[in-house]
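User: I would like to go through a protein model step by step. Please show it first.

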Amino acid sequence: MIELLIENKADGKIYEISELVTEISFSDRLNNGCSKLDFSYLYDGVLFANGSAVRFRFNGANIFYGYIFSSEREQNNAISVVAYDQLRYLKAKDTFVVKELRVDELIRKIANYFRLRVGKLDNTGYKLPTSIKDNQTFLDMIYDSISTTLIGTGRKYAFYDDFGSLALTDIMNMRLPLVIGDASLAYGYKYGQSIDDNTYNLIKISKDNETTGKRDVYIAQDSSAFNKWGILQYFETADKNANPEQIKAKVNALLKLMNSETKTLSIEALGDTRVRAGSGILVSISDLGINQYVIVNSCKHIFKNNIHTMSLELML
């Protein structure tokens, strides 16, 4: 059962409009911006001001807590509304120095600046290299730091808003006791393999050497993969504070992460409110020979006529 509450900034009152809602959807992507709630309701004399707080639950499960950012009224007295969670405020740009901080410490520092609520932030145990984040969004600063932590530790973290509180969680701790596939929830799928995006078998990082006046180049490659796909080169310049050992470790780590085909699987299924971006679920589809745990890269939950469905994009 839908439960939708709105605290209207215009008059300070709390409205429960569950019976007026005609359709509602919740969208979430892994480390790629804020989650979003779209809903439509029948106008009964109340319009909600931008900035009003929205709380959405379904069958008692907490789904979304965020704030209205836009709304439209149509001729048939239908009002469509878009709300985002707290991460929306981290799209602001600034310059920030990351020095002797872990990702969880960086998030807490940024959250304090924006006065955002913070929940459970996993201690990554990894100090980020000193760097200057210039003219970046705060979200990109955090995502870059999560990527750096992945390269440095091999552990991936999800940063998201957990029903009104910022959270940082080791992906391995987001597995659900849930099977989706032939005989469980799924009613459609698409499967793809690609080397068109984020596949590289030659990694090159350069850094100007102030002592010799020359440019040092660090390379990691898989020559056997050249024969299969051709040479797919990735290049970047090293951070000025990085030492040779750190750069060598990074080129090897990037090759390990990127030297493979990108396999994608999308599934249409009956809804489960526990699933969000970053969740680990067991997928079993006999036609594809897939029976393994995968990570949810993005999900969209749709609630309409008391039927809950979800569209999932998965990382294999």
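Predicted model: local features only at pLDDT ≥ 70, side-chain atom pairs only at ≥ 80, totals over all residues.

User: In what order do the strands of the open sheet of three strands lie?
Analyst: The pairing in this open sheet is mixed. Strand 9 (118-121) and strand 11 (157-161) stand at the edges, each with a single partner strand, so one side of each has no neighbour in the sheet. From one strand to the next, the twist averages 15 degrees. The order is 9-12-11.

User: Which residue in strand 12 is the bridge partner of Ala-158?
Analyst: Strand 11 and strand 12 (residues 166-170) run antiparallel, and five bridges join them. In strand 12, the partner of Ala-158 is Thr-169.

User: What angle does the direction of helix 2 make with that of strand 11?
Analyst: Helix 2 (residues 138-153) packs on the sheet, where it touches strand 11 and strand 12. The angle between the directions of helix 2 and strand 11 is about 155 degrees.

User: Which strands each supply at least two residues of the lining of the second largest pocket?
Analyst: The lining of this pocket has 18 residues. Asp-162, Thr-273, Arg-274, Val-275 and Arg-276 are those that lie nearest the centre of the pocket. The strands that each supply at least two lining residues are strand 6 (61-73) and strand 20 (290-304).

User: How many residues of that lining are charged?
Analyst: The second largest pocket holds about 290 Å³ of space. Its lining divides into eight nonpolar and seven polar residues, and the charged ones number three.

Definitions and conventions:
Residues numbered from 1 in each chain as written. Heavy atoms only, no water. 1 Å grid on protein atoms, 1.4 Å probe; cavity = no way out; pocket = protein on both sides within 12 Å on 5 of 7 lines; lining within 4 Å. Points joined across faces, edges and corners; volume = space filled by probe spheres on them. Helix = DSSP H or I, 4+ residues; strand = E, 2+ residues; numbered from the N terminus. Nonpolar A, V, L, I, M, F, W, Y, C, P; charged D, E, K, R; others polar. Pairing = 2+ DSSP bridges. Axes fitted to C-alpha atoms, helices over the stretch in contact; angles between N-to-C directions. Contact = heavy atoms within 4.5 Å.
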